[in-house]
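Trainee: Hi! Could you walk me through this one while I have it open on the screen?
Mentor: Happy to, let's look at it together.
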Amino acid sequence: MGPWDHSVLDELRSTLGDERVQTLMTKFDDEMTVACQTVFHPAEHPEADHLRAEAHKLAGSASIVGARRLRELLNDIELRILNDETDK
C-alpha cells in the first residue's frame, strides 16, 4: 500500500466532482503547510496539549483526503504526546 488511498480520492471525485476536490486538496495543502510548522517545529508552541490537538486535527484532515501514511504518522505523534513519549 502506498501513502495515498486512491479509492478515497476516487470516491470524493465521484461525489463532489473534480473542481470541488481540487478546492478541497488546495485547502488541505494550505492547512498542512501552516499546521505542520506547529507539529514539526514545537519550540514555537511547546505546550503538549496544543501539539497533540494539532496532530489530531491534521490526522483527521489527512484521513478525509486519503493521505494514509501521513495520518498514521500524525496518529503516532498524537499517541506519543498522550503517553509522554516525546523524547523517544
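Mentor: One definition before we start: helices here are DSSP runs of H or I with at least four residues, strands are runs of E with at least two, and both are numbered from the N terminus. Keep in mind too that this is a predicted model.

Trainee: Got it. How many helices and strands are there in the chain, then?
Mentor: The chain has 4 helices and 0 strands. Reading from the N terminus, the order of elements is α-α-α-α.

Trainee: And how much of the chain is buried?
Mentor: Of the 88 residues, 26% are buried. The accessible surface of the chain is about 6000 Å², and carbon and sulfur atoms contribute 52% of that.

Trainee: What share of the contacts comes from residues 24 or more positions apart?
Mentor: Counting contacts with a separation of 6 or more, 58% are between residues 24 or more positions apart.

Trainee: Let's go to helix packing. How do α3 and α4 cross?
Mentor: Helix α3 covers residues 48-65 and helix α4 covers residues 68-82; their axes come within 8 Å and cross at roughly 160°. That makes the two helices, α3 and α4, roughly antiparallel.

Trainee: Is the crossing of α3 and α4 left-handed or right-handed?
Mentor: The crossing of α3 and α4 is left-handed.

Trainee: Which residues meet there?
Mentor: From α3 you have Ala48, Leu51, Arg52, Ala55, His56, Leu58, Ala59, Ala62 and Ser63. On the α4 side they meet Leu70, Arg71, Leu74, Asn75, Ile77, Glu78, Ile81 and Leu82. Sorted by class, this contact of α3 with α4 has 11 nonpolar, 3 polar and 3 charged residues.

Trainee: I see His56 in that list. Is His56 buried or partly exposed?
Mentor: His56 sits in helix α3, and its relative accessibility is 46%, so His56 counts as partly exposed.

Trainee: Nice. What about α1 and α3, how do they cross?
Mentor: The axes of helix α1, which spans residues 6-16, and α3 come within 7 Å and cross at roughly 70°. Therefore α1 and α3 are roughly perpendicular to each other.

Trainee: Who makes that contact?
Mentor: Val8, Leu9 and Leu12 from α1, together with Ser63, Ile64 and Val65 from α3. By class, the contact of α1 with α3 has 5 nonpolar residues, 1 polar residue and no charged ones.

Trainee: Where is Trp4?
Mentor: Trp4 is in the segment before α1. With 30% relative accessibility, Trp4 counts as partly exposed. Not counting residues up to four places away in sequence, Trp4 touches Leu9, Met25, Phe28, Val65, Gly66, Ala67 and Arg68.

Trainee: How far apart in space are Trp4 and Arg68?
Mentor: They are 5.3 Å apart, C-alpha to C-alpha, although 64 residues apart in sequence. For Ser63 and Trp4 the C-alpha atoms are 9.6 Å apart, with 59 residues in sequence between their positions.

Trainee: Last topic: Ser61. Is Ser61 buried or exposed?
Mentor: Ser61 lies in helix α3 and has 14% relative accessibility, so Ser61 counts as buried. Beyond its neighbours within four places in sequence, Ser61 is in contact with Phe28, Glu31 and Met32.

Trainee: And Asp29, where does Asp29 belong?
Mentor: Asp29 is in helix α2, residues 18-40. At 45% relative accessibility, Asp29 counts as partly exposed. The C-alpha atoms of Asp29 and Ser61 are separated by 10.0 Å, and these residues are 32 apart along the chain.

How values were computed:
Residues numbered from 1 in each chain as written. Predicted model: local features only at pLDDT ≥ 70, side-chain atom pairs only at ≥ 80, totals over all residues. Heavy atoms only, no water. Axes fitted to C-alpha atoms, helices over the stretch in contact; angles between N-to-C directions. Parallel < 35°, antiparallel > 145°, perpendicular 65-115°, else oblique. Left-handed = near helix turned anticlockwise from the far one by under 90°. Contact = heavy atoms within 4.5 Å. Nonpolar A, V, L, I, M, F, W, Y, C, P; charged D, E, K, R; others polar. Buried < 20%, exposed > 50% of the residue type's maximum accessible area, 1.4 Å probe, protein only. Areas by Shrake-Rupley, 256 points an atom, 1.4 Å probe, with all protein chains shown as cover.
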